[in-house]
Amino acid sequence: MGIPCDDVVIIRQSEREEEPSMITINCPDKTGLGCDLCRIILFFGLSIVRGDVSTDGKWCYILFWVIGKPNTRWSLLKKRLVGACPSCSSASSIWFYHSELQPSKPPDVFLLKLGCCDRRGLLYDVTWVLCELELIIKRVKVSTKPDGTVMDLFFITDTRELLHTKKRQDDVSDHLKTVIGEAMISCDIEMVVPEITECSQAASFLPSAITEDFFQKEMPTNQPNGLSTSKSVSVKMDNMLSPAHTLVQISCQDHKGLLYDIMRTLKDYNIQISYGRFFIKQRRNCEIDLFIMQADGKKIVAPSKQQALSSRLEMELLQPLRVAIVSRDPDTELLVANPVEFSGKGRPLVFHDITLTLKTLSVGIFSAEIGRHMIGDREWEVYRVRLDEGEGLSIAREKIEEEVWKMLMGWD
């Protein structure tokens with residue numbers, strides 16, 4: 001007998017808030033499944049404190065122990081995790097995975113045009129509402145007019161695939177109105193054609209100084225800002241312990257989305273995980289053991305391939321994002337960037353964390369935009385936030401940079 005599809009994901013909530021809840025996933029396997037699941041867990045604001053993964057290449061069994069928030073929407077999380085798992089069908093009591101022969105249709109993109117009277121923290125409040133409603137922000141263009149009003153343009157997609165309906169659009173408008181109040185002047189939502197979406201992806205030009213310094217491939221500890229998750233990351237590979245797999249042993253400091261960063265890197269390299277174990281020791285120190293193989297079912301034997309994968313893992317774990325405060329006379333600009341998966345998906349909640357930090361620090365935002373840029377052989381999602389210095393910054397630029405980094409890393 002197979003596993004009923006209702007039991008593909010089982011969540012056992014902890015009785016006490018400080019104890020982890022357990023998520024069990026039992027479904028057909030596919031390359032990159034771990035990355036997709038970890039992205040969803042990250043989107044829901046959960047931290048994975050322990051994990052076990054095993055698969056025979058056809059079926060996988062995954063356990064995640066997660067620390068959540070009191071208001072975590074567990075039933076919705078389960079629905080999203082089930083949706084990410086390969087579908088299973090019954091035929092003569094045999095359950096199997098239908099491979100995706102055709103790439104899935106990209107989601108429809110909508111333009112949310114929001115007019116408001118400006119106030120401190122407005123952009124975070126809007127971003128929070130969109131995240132709560134499972135609307136994914138793809139692009140942003142925010143500008144402040146001389147009369148003190150703002151026009152926010154959000155290119156968004158709907159996880160629920162209902163934004164084309166009037167009911168869903170009214171629901172979004174009502175939620176925004178509740179949070180923004182009388183400051184909301186207008187709210188319009190319309191579907192955009194692919195041509196407009198493509199034009200929106202061509203964000204403003206990045207100066208060469210940014211592309212050279214901000215995205216350099218050297219280890220981030222050599223960069224002037226020195227923002228990294230820890231002073232060292234250890235990635236070791238061994239082909240002696242398993243006859244069929246390469247063992248990857250990783251030792252590093254924990255940060256928000258750590259397991260996602262590992263999984264997305266392996267997914268981009270088309271690496272399959274047969275068995276994995278992840279746990280956090282004292283002082284946020286993490287140990288990860290992964291038995292992996294290439295798409296052809298073989299070990300990673302070539303030294304050049306081992307070095308390439310080790311170097312990429314080290315870089316992604318030392319600095320999963322780039323954060324910097326730069327001067328654009330006469331303005332000050334906050335820059336944040338994260339690599340985009342080869343599948344085209346970006347990192348969840350980055351804009352949410354940026355705007356939350358600035359609101360907490362009482363730093364105003366004059367303008368903001370999100371765009372994607374090809375730097376070398378990689379695509380990056382770049383967040384550019386022009387800070388409001390009308391009365392001068394009341395906090396040091398280095399402090400802003402540090403606090404944004406700590407929020408993105410999930411460090412108190």
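Predicted model: local features only at pLDDT ≥ 70, side-chain atom pairs only at ≥ 80, totals over all residues.
Confidence first. The protein chain has a mean pLDDT of 86. Of its residues, 84% reach 70 or more. Which elements mark the two ends of the range, lowest and highest mean pLDDT? Strand S6, residues 94-97, has the lowest, at 39. Helix H4, residues 166-180, has the highest, at 97. Now look at residues 89-102. The pLDDT there is below 50. Beyond near neighbours in sequence, that stretch still has 24 contacts in the model.

Next, the helices. Two packed helices are described by the angle between their axes and the distance between the axes.

Start with H1, residues 33-43, and H7, residues 258-268. They pack at about 150 degrees, axes 8 Å apart. Angles over 145 degrees count as roughly antiparallel, so H1 is roughly antiparallel to H7. The crossing is left-handed. Which residues of H1 and H7 make the contact? From H1, they are Gly34, Cys35, Asp36, Cys38, Arg39 and Leu42. From H7, they are Leu259, Tyr260, Met263, Arg264 and Lys267. By class, that contact has six nonpolar residues, one polar and four charged.

The second pair is H3, residues 122-132, with H9, residues 350-360. Here the angle is about 145 degrees, and the axes lie 8 Å apart. H3 and H9 also cross left-handed. On the H3 side, the contact uses Leu123, Tyr124, Asp125, Thr127, Trp128 and Cys131. On the H9 side, Phe351, His352, Thr355, Leu356 and Lys359 take part. How do the residues of this contact divide? Six are nonpolar, three polar and two charged.

Last, the strands. Please find S14, residues 285-293. Strand S12, residues 246-253, runs antiparallel to S14. Eight bridges join S12 and S14. As a landmark, take Gln253: its bridge partner in S14 is Asn285. Strand S13, residues 272-280, is antiparallel to S14 too. How many bridges join S13 to S14? Eight. Here the landmark is Phe278, whose bridge partner in S14 is Ile288. So much for the strands.

To recap: H1 with H7 at about 150 degrees, H3 with H9 at about 145 degrees, and S14 bridged to S12 and to S13.

Note on methods: Residues numbered from 1 in each chain as written. Heavy atoms only, no water. Axes fitted to C-alpha atoms, helices over the stretch in contact; angles between N-to-C directions. Helix = DSSP H or I, 4+ residues; strand = E, 2+ residues; numbered from the N terminus. Left-handed = near helix turned anticlockwise from the far one by under 90°. Contact = heavy atoms within 4.5 Å. Nonpolar A, V, L, I, M, F, W, Y, C, P; charged D, E, K, R; others polar. Pairing = 2+ DSSP bridges. Parallel < 35°, antiparallel > 145°, perpendicular 65-115°, else oblique. pLDDT = per-residue confidence, 0-100.
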